[in-house]
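Trainee: I'm new to this one. Could you walk me through it?

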Amino acid sequence: MKELLKPVFRSILSKREIVLFLICMIYSLITALVSIFQAEQISFIMFWQIIVHTEWQLTIPTLLLSYSVMSVFRNEISSKRLFLFKDIEKPLIFKAKIYNLMKILGIFIIGTLITSFICYYVFMLPHNYISGHFFPSSPQSLSHHLLIILARIAVYVIVILLVANLSIRYNVAASVLGGVLFMLFSNVAPQLSLGKFLFPTGYAELGGSTLFAVFGLIFISGVYCCTFYYLGMRAFEKIEY
């Protein structure tokens with residue numbers, strides 16, 4: 001398994017769509033050029049949450065991520081390049097691809113955190129609406145912002161597993177559309193009375209008990225992840241070289 005991870009990671013990282021997705025990390029630097037904030041004092045955690053939320057609403061990162069996942073699976077299936085791995089068990093290949101896609105997502109999240117930190121403390125600090133504090137003044141505000149960030153990350157993870165599953169079974173358009181639609185439904189979920197309980201983002205906006213929101217977010221994310229991972233694994237095992 002370890003011998004398989006590095007070549008698969010290099011192969012994934014060499015894709016142009018992956019590079020474009022990672023470039024989205026610098027979005028926070030653009031905010032130094034425009035004013036998108038309210039007059040209230042903004043801590044770093046709140047600033048990072050705003051960046052993650054705004055970045056997520058642009059759809060472009062999700063579109064690039066969906067296309068990247070599709071290319072990792074569908075393109076290699078269509079081009080018969082999987083024949084090069086015929087001596088390796090298919091579940092190991094699937095796990096290696098998913099693991100490395102999650103690693104790319106981790107790089108994206110950490111990169112967004114770092115660029116947001118630089119933007120906040122280097123470019124934004126002189127503004128009067130920037131508090132300069134790392135954490136918000138109230139624990140409730142801190143938990144709210146962290147829940148929103150966690151929910152957005154959970155959606156990205158689910159999109160990877162969903163598109164991986166779809167790309168093994170269907171064509172390019174259906175795979176990418178599936179990922180984008182899931183993101184769009186997640187975006188409107190907090191405004192729905194019952195739909196909010198079907199997506200991680202709905203729990204981030206519940207209010208009330210933070211413990212219930214965290215449990216619900218983890219539970220619904222786990223259901224999606226386990227389901228799509230299992231279905232993707234089964235579908236990948238049926239592929240003929």
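This is a predicted model: local features need pLDDT of at least 70, side-chain atom pairs count only at pLDDT 80 or more; totals for chains, interfaces and linings use all residues.

Trainee: Okay, the charged end of Lys 97 sits over which ring?

Mentor: Look 6.0 Å away from the charged end of Lys 97, at the centre of the ring it sits over. That residue is also among those with the most contacts inside the largest nonpolar core. The ring belongs to Phe 73.

Trainee: And where is the kink in H5 centred?

Mentor: Helix H5 covers residues 60–78 and reaches 25 Å from its first C-alpha to its last, close to the 27 Å expected. Still, there is a kink of about 35 degrees in H5.

Trainee: Which element gives the largest share of the largest nonpolar core?

Mentor: That core has 59 residues. The elements giving two or more residues to it include H5, helix H6, helix H7 and helix H8. The largest share, 15 residues, comes from H7.

Trainee: What kind of aromatic pair do Phe 182 and Tyr 224 make?

Mentor: Both residues, Phe 182 and Tyr 224, are buried. Phe 182 lies in helix H8 and Tyr 224 in helix H10, so the pair ties together parts 42 residues apart in sequence. Their ring centres are 5.2 Å apart and the planes are at 85 degrees; over 60 counts as edge-to-face, so that's the answer: edge-to-face.

Trainee: Is Tyr 203 buried or exposed?

Mentor: Tyr 203 forms an aromatic pair with Phe 197, and Phe 197 counts as partly exposed at 34% relative accessibility. Tyr 203 has a relative accessible area of 9%. Buried means under 20%, so Tyr 203 is buried.

Definitions and conventions. Residues are numbered from 1 along each chain as its sequence is written. Side-chain values use heavy atoms; hydrogens and water are left out. Helices (H or I, at least four residues) and strands (E, at least two) are DSSP runs, numbered from the N terminus. The expected span of a helix is 1.5 Å times one less than its number of residues. The bend at a residue is the angle between axes fitted to the seven residues ending there and the seven starting there. A nonpolar core is a set of buried Ala, Val, Leu, Ile, Met, Phe, Trp, Tyr and Cys residues joined through side-chain atoms within 4.5 Å. Buried means under 20% relative accessible area, exposed over 50%, partly exposed in between (1.4 Å probe, protein chains only). Rings of Phe, Tyr and Trp (its six-membered ring) pair if their centres lie within 6.5 Å; planes under 30 degrees apart count as stacked, over 60 as edge-to-face and the rest as tilted. A charge sits over a ring if NZ of Lys or CZ of Arg is within 6 Å of the ring centre and within 35 degrees of the ring normal.
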